[in-house]
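Please give a short report on this structure for someone who has not seen it before. Keep to how its parts pack together.

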Amino acid sequence: MTRTHLSLLAASCGVGVLNVAMSEIATFQIVRVVLGLLIVFFVPGFALISAVLPGRQFSLSEYLLAGIGASLAMSTTAAVALGAAPIGLSRLSFSVVLGSCTLILSIIAALRTRVHNDPRRKIEDLSNGGES
């Protein structure tokens with residue numbers, strides 16, 4: 001994966017943290033709307049796809065579509081789970097769940113990307129006949 005991809009993962013961590021921080025702080029409505037759209041429609045799915053498939057090289061449109069689909073699935077699952085839980089579905093609980101999932105998945109994706117791109121790993125794989 002490229003340095004751009006790692007930068008996008010760092011940005012997704014930032015969006016996750018900002019979303020949790022801004023959920024109960026009085027800010028401009030446009031900031032909440034932009035962060036909400038990003039956290040519901042793209043960022044968690046991008047982090048999930050990057051964590052699950054660290055070595056795949058997708059085009060930008062493939063990442064965008066996969067990220068949107070996975071984010072919608074994660075948002076729907078989180079909303080249903082929070083609605084059934086005693087804590088309930090609120091702006092704070094929803095942003096904490098999606099923000100923390102995004103943060104955790106982004107860290108996992110960055111670690112897996114570094115391990116996958118490690119030149120020593122490729123040499124070990126070749127010495128083992130390509131078997132992991």
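Is the crossing of helix 1 and helix 2 left-handed or right-handed? The crossing of these two helices is left-handed. This is a predicted model.

**Overall make-up**

The protein chain holds 6 helices and 0 strands. Read from the N terminus, its elements run α-α-α-α-α-α. The chain has 132 residues, and 30% of them count as buried. Its accessible surface comes to about 8,000 Å². Carbon and sulfur atoms own 71% of that surface. Among contacts in the chain with a separation of 6 or more, 66% join residues 24 or more positions apart.

| Pair | Axes | Crossing angle |
|---|---|---|
| Helix 1 (residues 3-22) and helix 2 (residues 29-41) | within 10 Å | roughly 130 degrees |
| Helix 1 and helix 3 | within 10 Å | roughly 135 degrees |
| Helix 3 and helix 4 (residues 60-84) | 6 Å apart | about 110 degrees |

**Helix 1 with helix 2**

The axes of helix 1 and helix 2 cross at roughly 130 degrees. That angle makes helix 1 oblique to helix 2. Helix 1 brings Val 15, Gly 16, Leu 18, Asn 19 and Met 22 to the contact. Helix 2 answers with Arg 32, Leu 35, Leu 38 and Ile 39. By class, this contact has 6 nonpolar, 2 polar and 1 charged residues.

**Helix 1 with helix 3**

Helix 1 also packs against helix 3, and their axes cross at roughly 135 degrees. The two helices are therefore oblique to each other. Helix 1 passes helix 3 in a left-handed crossing. From helix 1, the contact takes His 5, Leu 8, Leu 9, Ser 12 and Val 15. From helix 3, it takes Val 43, Phe 46, Ala 47 and Ser 50. These residues divide into 6 nonpolar, 3 polar and no charged. Val 15 is listed in this contact, and Val 15 is also listed in the contact of helix 1 with helix 2.

How many of the residues of helix 3 are buried? Helix 3 spans residues 43-52 and is mostly covered, with 8 of its 10 residues buried. The buried residues are Val 43, Pro 44, Gly 45, Phe 46, Ala 47, Ile 49, Ser 50 and Ala 51.

Helix 4 packs against helix 3 at an angle of about 110 degrees, with the axes 6 Å apart. That makes helix 3 roughly perpendicular to helix 4. Here the crossing is right-handed. Helix 3 supplies Val 43, Pro 44, Gly 45, Phe 46, Leu 48, Ile 49 and Ser 50 to the contact. Helix 4 supplies Tyr 63, Ala 66, Gly 67, Ala 70, Ser 71 and Met 74. The classes are 9 nonpolar, 4 polar and no charged residues.

**A closer look at Leu 72**

Leu 72 is found in helix 4. Is Leu 72 buried or partly exposed? Leu 72 is partly exposed, because its relative accessible area is 36% and that value lies between the 20% and 50% cut-offs. Leaving aside residues up to four places away in sequence, Leu 72 touches Val 40 and Phe 41. Gly 45 lies 27 residues from Leu 72 along the chain, yet their C-alpha atoms are separated by 7.7 Å.

Note on methods. Residues are numbered from 1 along each chain as its sequence is written. This is a predicted model: local features need pLDDT of at least 70, side-chain atom pairs count only at pLDDT 80 or more; totals for chains, interfaces and linings use all residues. Side-chain values use heavy atoms; hydrogens and water are left out. Axes are lines fitted to C-alpha atoms, for helices over the stretch in contact, and angles run from 0 to 180 degrees between N-to-C directions. Helices (H or I, at least four residues) and strands (E, at least two) are DSSP runs, numbered from the N terminus. Angles under 35 degrees count as roughly parallel, over 145 as roughly antiparallel, 65 to 115 as roughly perpendicular and the rest as oblique. A crossing is left-handed if the near helix is turned anticlockwise from the far one by less than a right angle, and right-handed if clockwise. Contact means heavy atoms within 4.5 Å. Ala, Val, Leu, Ile, Met, Phe, Trp, Tyr, Cys and Pro count as nonpolar, Asp, Glu, Lys and Arg as charged, and the others, Gly among them, as polar. Buried means under 20% relative accessible area, exposed over 50%, partly exposed in between (1.4 Å probe, protein chains only). Accessible areas come from the Shrake-Rupley method with a 1.4 Å probe; for residues, only the protein chains shown count as cover.
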